Amino acid sequence: MRCVPSRPGAPWATSCSCSERRSLVGMVVTIRLFAMLRERAGAGEIELDLPEGARVRDALDRLDDLAGGLPLVMAINRDYANADSELRAGDELALIPPVSGGETLPAVVTTTPLSLDALVARVRDARAGAVVTFQGVTREVDHLDYEAYVEMADERIRAIVGEAIERHGLCAAAAEHRIGPVALSEPSVAVAASAPHRAEAFAGAREIIDRIKAEAPIWKREEGEWVKGRPPA
């Protein structure tokens with residue numbers, strides 16, 4: 001059986017009914033898409049046939065119509081990459097559009113409602129004289145919809161929390177991010193940080209939420225429109 005384009009006029013997408021997928025050119029790379037890119041493509045993943053030795057810029061050239069001029073950040077196998085990064089057969093290349101903020105706990109991006117009490121319980125420590133918490137809640141609209149590159153967001157948030165603990169001398173810290181629909185007044189993000197003194201706890205919690213919003217690949221849609229943001233740091 002031969003591989004054919006999955007959508008007319010979409011040279012970047014292929015679907016194959018073969019029992020074994022083979023590159024017609026040199027190698028096959030999986031492209032992960034999120035938010036507005038996923039909607040444009042009509043799929044969360046597509047495959048590209050690329051020549052051996054191709055770089056990220058070669059994939060982007062093939063996907064120019066799909067990206068539509070969006071400022072993108074790229075990741076190869078969940079590590080941030082640049083246009084000159086080399087691709088290899090079987091790699092996963094994620095195209096990350098501007099993020100709109102979000103949050104997570106040191107390993108959890110969840111579709112279930114967040115519990116601040118449960119988060120605080122995770123950071124209790126006999127050495128702590130202060131516990132600072134933060135919640136970001138839906139306001140002014142019936143609900144917000146969140147989407148994430150879950151595996152990468154999980155790893156990035158975990159690293160952010162660990163770095164904040166070291167930098168500010170925290171006893172413990174945790175963060176959670178909810179994805180899917182989040183109703184009015186419900187939290188989409190929660191952060192908790194404990195420290196011997198309040199200054200460190202405030203500083204640690206502030207760094208965690210600010211960096212999650214800037215770095216984690218999480219997107220927000222409000223009343224059917226993706227909220228414009230900036231490329232992840």
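Two strands count as paired if DSSP finds at least two bridges between them. Keep that rule in mind as we walk through this predicted model, starting with its sheets and moving on to its charges.

## Strands side by side

In general, the strands of a sheet pair through backbone hydrogen bonds, either parallel or antiparallel.

Which strand does E9 pair with? The partner is strand E13 (residues 187-195), joined to E9 by eight bridges, and the two run antiparallel. To find this pairing in the structure, look for Gln 135, which stands opposite Ala 190 in E13.

Now turn to strand E7 (residues 92-96). Is this strand mostly covered or uncovered? Strand E7 is mostly covered, with five of its five residues buried. Both faces of E7 are covered: Glu 92, Ala 94 and Ile 96 are buried on one side, and Leu 93 and Leu 95 are buried on the other.

Strand E7 also has partners. Strand E3 (residues 27-32) runs parallel to E7 and is joined to it by three bridges; here Ile 31 stands opposite Leu 93 in E7. Strand E5 (residues 73-76) runs antiparallel to E7, with four bridges between them, and Ala 75 stands opposite Ala 94 in E7.

## Charges that meet

Side chains of opposite charge can pair when their charged atoms come close. How many salt bridges does the structure hold? There are 16 salt bridges, and the table shows some of them.

| Salt bridge | N to O distance |
|---|---|
| Glu 147 and Arg 38 | 2.4 Å |
| Arg 127 and Asp 125 | 2.8 Å |
| Arg 211 and Glu 207 | 3.5 Å |

Let us take these pairs in turn. The side chains of Glu 147 and Arg 38 meet in a salt bridge. This pair links distant parts of the chain: Glu 147 belongs to strand E10 (residues 143-148) and Arg 38 to helix H1 (residues 35-41), 109 residues apart. Glu 147 counts as buried because its relative accessibility is 12%, under the 20% cut-off. Arg 38, with a relative accessible area of 27%, is partly exposed.

In the salt bridge between Arg 127 and Asp 125, Arg 127 is exposed, with a relative accessible area of 56%. Asp 125 counts as partly exposed, at 26% relative accessibility.

Why are Arg 211 and Glu 207 separated by about one helical turn? They are four residues apart in helix H6 (residues 198-215), so about one helical turn lies between them. Both Arg 211 and Glu 207 are buried. The two also belong to a network of salt bridges that links Arg 156, Glu 163, Arg 167, Glu 207, Arg 211 and Glu 215.

## A negative patch

On the surface, Asp 58, Asp 61, Asp 64 and Asp 65 form a patch of negative charge. Helix H2 (56-62) and helix H3 (64-67) are the elements that give two or more residues to this negative patch. Asp 64, for example, is found in helix H3.

Methods: Residues numbered from 1 in each chain as written. Predicted model: local features only at pLDDT ≥ 70, side-chain atom pairs only at ≥ 80, totals over all residues. Heavy atoms only, no water. Salt bridge = Lys/Arg side-chain N within 4 Å of Asp/Glu carboxyl O. Buried < 20%, exposed > 50% of the residue type's maximum accessible area, 1.4 Å probe, protein only. Patch = residues over 30% accessible without salt bridge, like charges linked within 9 Å, V, L, I, M, F, W, Y side chains within 5 Å. Areas by Shrake-Rupley, 256 points an atom, 1.4 Å probe, with all protein chains shown as cover. Lys, Arg positive; Asp, Glu negative; His and termini not counted. Charge placed at Lys NZ, Arg CZ, Asp CG, Glu CD.
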